[in-house]
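Subject: Structure for your review

Dear colleague,

Please find below the structure that I am handing over to you.

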Amino acid sequence: MACQLEQYGKHSGHMTNHSPSIVILTGAGISAESGIDTFRSAGGLWEQHKVEDVAKPEGFARDPELVLGFYDARRAALAGVEPNAAHHALARLAAEYSGELLLVTQNVDDLHERGGSPQVLHMHGELKSALCQSCEMRSAWDAPMLEAGGRRPKCPICAAPSLRPDVVWFGEMPYQMERIYAALSACDLFVSIGTSGAVYPAAGFVQEARGAGAATLELNLEPSEGSHHFAEARHGPASQLVPQWVGEMLGA
Ligand code: OAD
């Protein structure tokens, strides 16, 4: 066990007396084998829909019904999918690893939580959360935001019919960036799982961590756009690579 952990110590060559702290970033690839479409693969979400229509504030202002319907369908689809071995493995890591661990996801699905991960930082928001444009409060949400007859449900807090999906659109600031950058600058190991490295700021996390002296590892189906920034890369399906890597980290 010590060997695997020391392999990722920031001060290689020196004795480390603590478990390396880890930041994990996940993207759509970790949920692909659960049956959720990725964005940039052939036939992926951005081939089926225009980004400017469904993932920009201007698109929502132009056609709220289209946008609400798009996210309602994605939210409803969550009922038909299950977490896979990669989600479960990260939950096992959280339960058994003795060092610091921060799990950051760009995914808006709830598969990390349902896989057992106790704390998940959703930097691009969550399908099962509503953001009220009137009172700016968030509420847990698991119903359509576009009701029969085009009606909009009321905010549970202020009762205004002004809910929008609590997801970060292009041009908006991802959530909890200060906390993420603080963790990246202090971590010993940064691991990126199932993300194309095409969307900033997440695509820049590897350079941030590396610049601060961390080891970096990519686990992805194929080399991502940012693959060359990682000190180590392993390619294959997340359902195999992630449990294998977690096993190595836990020495079992
Ligand atoms: P992408 O669709 O851009 O990339 C998915 C990555 O997962 C690709 O590199 C695939 O090779 C990889 N992949 C696919 N199947 C896999 C598997 N079974 N195992 C391992 N890897 C696999 O999705 P993201 O990188 O998550 O943002 O996209 C980033 C952001 O772009 C999203 O959060 C979303 C999107 O536009 C917003 O909507 C703001």
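Strand 1 (residues 22-26) and strand 7 (residues 189-193) run parallel and are joined by five bridges. Helices (H or I, at least four residues) and strands (E, at least two) are DSSP runs, numbered from the N terminus, and two strands pair if DSSP finds at least two bridges between them. The model is a predicted one, in which local features need pLDDT of at least 70 and side-chain atom pairs count only at pLDDT 80 or more, while totals for chains, interfaces and linings use all residues. Residues are numbered from 1 along each chain as its sequence is written, and side-chain values use heavy atoms, with hydrogens and water left out.

The sheet

Within this pair of strands, Ile22 stands opposite Leu189, and Leu25 has Ser192 as its bridge partner. On to the next neighbour: strand 7 is also joined by five bridges to strand 8 (residues 215-220), again in parallel, and there Ile193 stands opposite Leu219.

These strands belong to an open sheet of six strands in the order 3-2-1-7-8-9, with parallel pairing. Strand 3 (121-122) and strand 9 (232-235) stand at the edges with a single partner strand each, so one side of each has no neighbour in the sheet.

Is strand 7 mostly covered or mostly open? Five of its five residues are buried, so the strand is mostly covered; buried means under 20% relative accessible area, exposed means over 50%, and partly exposed is in between (1.4 Å probe, protein chains only). Leu189, Val191 and Ile193 point one way from the strand, whereas Phe190 and Ser192 point the other way.

Thr216 lies in strand 8 and counts as buried because its relative accessibility is 2%. Its side chain reaches the backbone nitrogen of Ala231 at 2.8 Å. This is a polar contact, that is, a pair of N or O atoms within 3.5 Å; within protein, one must be able to donate a hydrogen and the other to accept it, and residues adjacent in sequence count only if both atoms are side-chain atoms. Leaving aside neighbours within four places in sequence, Thr216 is in contact (heavy atoms within 4.5 Å) with several residues, including Leu189 and Phe190.

The ligand

Which residues come nearest to the ligand? Of the 23 residues around the ligand, they are Ala28, Phe39, Arg40, Thr195 and Ser196; a residue is near a molecule or strand if one of its heavy atoms lies within 4 Å of it. By class, this shell holds 10 nonpolar, 10 polar and three charged residues. Here Ala, Val, Leu, Ile, Met, Phe, Trp, Tyr, Cys and Pro count as nonpolar, Asp, Glu, Lys and Arg as charged, and the others, Gly among them, as polar.

A polar side-chain atom of Ser196 lies 2.7 Å from a ligand oxygen, an N or O atom in the side chain of His124 is 2.8 Å from one, and a polar backbone atom of Gln106 is 3.3 Å from one. The protein covers 92% of the 790 Å² of accessible area that the ligand has on its own; accessible areas come from the Shrake-Rupley method with a 1.4 Å probe, and for residues only the protein chains shown count as cover.

The loops

Beyond its neighbours within four places in sequence, Asp142 is in contact with Arg75 and Lys128.

Finally, a cis peptide bond joins Tyr200 and Pro201, with omega about 10°. Pro201 lies in the loop between strand 7 and helix 10 (205-211).

Yours sincerely
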